[in-house]
Amino acid sequence: MDSAPIGVVGTGYVGLVSAVCFAHLGHRVVCMDVDAAKIERLRQGQVPIYEPGLDKLLEDNASRLSYTTSYDELLEQCRILFIAVDTPPSPSGDADLSRVQHATREIAKRGGERLLVMKSTVPVGTGEKVMADLEALGADSMTYASNPEFLREGAAIQDFLDPDRVVIGCFREEDGDLVEALYRGIDTDVVRTSVPTAEMVKYASNAFLATKISFINEIANVCEQVGADVRTVAHGMGLDHRIGPHFLQAGIGYGGSCFPKDVEALKQLAGNSGYHFQLLNAVIEVNALQKRRVLGKLTAHLHKLRGATVALLGLTFKPQTDDLREAASIVLAGRLVHEGVHVRAYDPMIAAGGHPLFPGVTICADAMEALGGADAVVIVTEWPEFSRLDWAAAARVMERPLLIDGRNFVDPAAAVAAGFEYEGIGLGEPFAAAAPAPS
Ligand SMILES: NC(=O)c1ccc[n+]([C@@H]2O[C@H](COP(=O)([O-])OP(=O)(O)OC[C@H]3O[C@@H](n4cnc5c(N)ncnc54)[C@H](O)[C@@H]3O)[C@@H](O)[C@H]2O)c1
C-alpha cells in the first residue's frame, strides 16, 4: 500500500506544507484542491501562500509532487489520503464540516480500498461520523485515522519536520502503522491512541495555549493597575519549569485561523455533550475585551477619537504569514473607523490601497507613509522590520508622536528617547511615560 503516492486533499497552509514535507521525506505526493487557480499556480512552481522556506523546499522536491483538481485523477494514484481542507466556524460556533464531508463523500463515491487520514482540525466524534457515513455510502473497504496537525504558520516547515509530537488515532492498529511509517525519518514522540482521543489532543492543546494567552493578558491588565511590569512577571513565571516561557507574551489578544475557532468549537462541543466549559467562556471573553483595550488607551491619551488619525502597523494575525483570518487588526480597525477615526495602516504582506476586510482603512505602501500626519501609531503585529524603523524620524512625520505598542515590541526607553509618548500592554509605571519635554 505504501509504494503508491500519498494524496493530500486541500492545499492550504496545512495541506501544502504537509505535502511538501512528505515529499522532502522521500514520498511521492499528489496534491488535490478544488481551487483551480491555486492548482494552476502550483503547477507553475509558484507557492500561493506566504510561508518562509516553502518555495525553496517545493522547488527542491518538485519531482515528487504533482497537482490536480480532479478526484478521479487523485484516486487513480493514491490509496492513503490526507484530508487537509478548512474547517471554519459555523454561525453556531461549531466547526463547519461541510468541506470535510464533501471531500470524504467524493472519495467514497469512487470506492476502492483507501485509508482516509484526517489532518484538518475536527470535533471529537467526527471520525466515528465519517465511518458511519462511509458505511452508509457502501464504501466498506475504506478506513480512517486521525492525525491532527500542530504546525504554526510562519514556522510551519520546522514544525512539521521537527515536531514536538506526532499524534495518530486509529480504529485499526494496521492503519496507525501505515500513517506512522510515513513519518519515518522524523525523530519525535509518537502518540498512538483512539480516534476520539487524538481529536481531543488537538482541541485541548489549542484551548490550553489560548488560555495561557488570556491569562497573561489579564495579569498584564492588573500590572497596569498596580505598577508592575508584565514582561518581567512573565519572565519570572516562565523560568518555572512547571509553567515554561512560551505563550506568555502579553498583547492585544490572540487571532488567526485556529485559536478563535478551535476554542469556540471546543466550548460548543462540551456544551453539546451537556458540559458547561466555564473556563473557556472566560478565555474567549478576555480575548474579545483585550482587542478593545487599545481604544481605551488611545482615548486616554487623545481624549477624543472622532476626527483623529491613527496608524496601524501590522495587520496579519502574526508576523511571517499573510494570513488575516480572525486577526485582531480587523476588530481594532473596525472599531476605530466606527468611532470616526481616520485609519491608515501598513503591513508588509498587504498591498497598498483598500482591502475588503478593512473597509474605510487606507492601506499604505510603507510604514512612514502610514505614520505621516498621524495622531497615534499602534503596533498591532510585531513584524521584525518595525524594530528597524527609524523611530526618531517616525516621530517627526507624525502630528503627535504617541505610540501604543500592542505587542510590547519596541524598547520603551528607546521610544521615549526618540520623542514618543509610549504605552505598552501591562507595563505599569514608568512606561505609561510621556516623552521628555523638547529642549
Ligand atoms: N493554518 C494553521 O496554522 C493550522 C494549523 C493546524 C491545523 N490547522 C487545521 O487544518 C485545516 C486546514 O487549515 P488551513 O489553514 O490549511 O486551511 P486553508 O483554508 O489554508 O486551506 C484549505 C484548502 O482546502 C481546499 N478545499 C476546500 N474544500 C475542498 C474540497 N472539498 N476538496 C478539495 N479541496 C478543498 C481549499 O480550496 C483550500 O485550498 C483546518 O481544519 C485547520 O483548523 C490549521
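Glu153 and Arg325 pair up in a salt bridge, with their closest N and O atoms 3.8 Å apart; the term stands for a side-chain nitrogen of Lys or Arg within 4 Å of a carboxyl oxygen of Asp or Glu. Side chains of opposite charge can pair when their charged atoms come close. Keep in mind that this is a predicted model, where local features need pLDDT of at least 70, side-chain atom pairs count only at pLDDT 80 or more, and totals for chains, interfaces and linings use all residues. Residues are numbered from 1 along each chain as its sequence is written, and side-chain values use heavy atoms, leaving out hydrogens and water.

Now for the two domains. The protein chain splits into domain 1 (6–193) and domain 2 (194–439), with bounds that come from an automatic or database domain assignment. Their centres, taken over C-alpha atoms, sit 32 Å apart. Domain 1 puts 34 residues into the contact and domain 2 puts in 27, where contact means heavy atoms within 4.5 Å.

How much area is buried between domain 1 and domain 2? About 2500 Å², with carbon and sulfur atoms giving 59% of it; buried area here is the accessible area (1.4 Å probe) that two parts lose on being put together, summed over both. On the domain 1 side, Tyr50, Val124 and Glu153 lose the most area to domain 2, together 27% of what that side buries.

The count of salt bridges between the two domains is one. There are also twelve residue pairs in polar contact across the interface, both residues at pLDDT 80 or more. A polar contact is a pair of N or O atoms within 3.5 Å; within protein, one must be able to donate a hydrogen and the other to accept it, and residues adjacent in sequence count only if both atoms are side-chain atoms. The elements giving two or more residues to this side of domain 1 are α6 (126–136), β6 (142–146) and β7 (165–170), and β7 gives the most, with five residues. Helices (H or I, at least four residues) and strands (E, at least two) are DSSP runs, numbered from the N terminus.

Helix α6 is worth a look, starting with Thr126. Thr126 is buried at 5% relative accessibility; buried means under 20% relative accessible area, exposed over 50%, and partly exposed in between (1.4 Å probe, protein chains only). A polar atom of the Thr126 side chain lies 2.6 Å from the backbone oxygen of Pro123. Leaving aside residues up to four places away in sequence, Thr126 touches Leu97, Tyr144 and Glu199.

Asp133 counts as buried at 19%, whereas Arg105 is partly exposed at 36%.

Back to Arg325: its side chain also meets Asp323 in a salt bridge (3.1 Å, N to O). Asp323 is buried, with a relative accessible area of 4%, while Arg325 is partly exposed at 38%.

What about the backbone at Glu326? Glu326 has a positive phi of about 55° without being a glycine, and it is found in the loop between β9 (309–313) and α13 (328–338). Most residues other than glycine have a negative phi.
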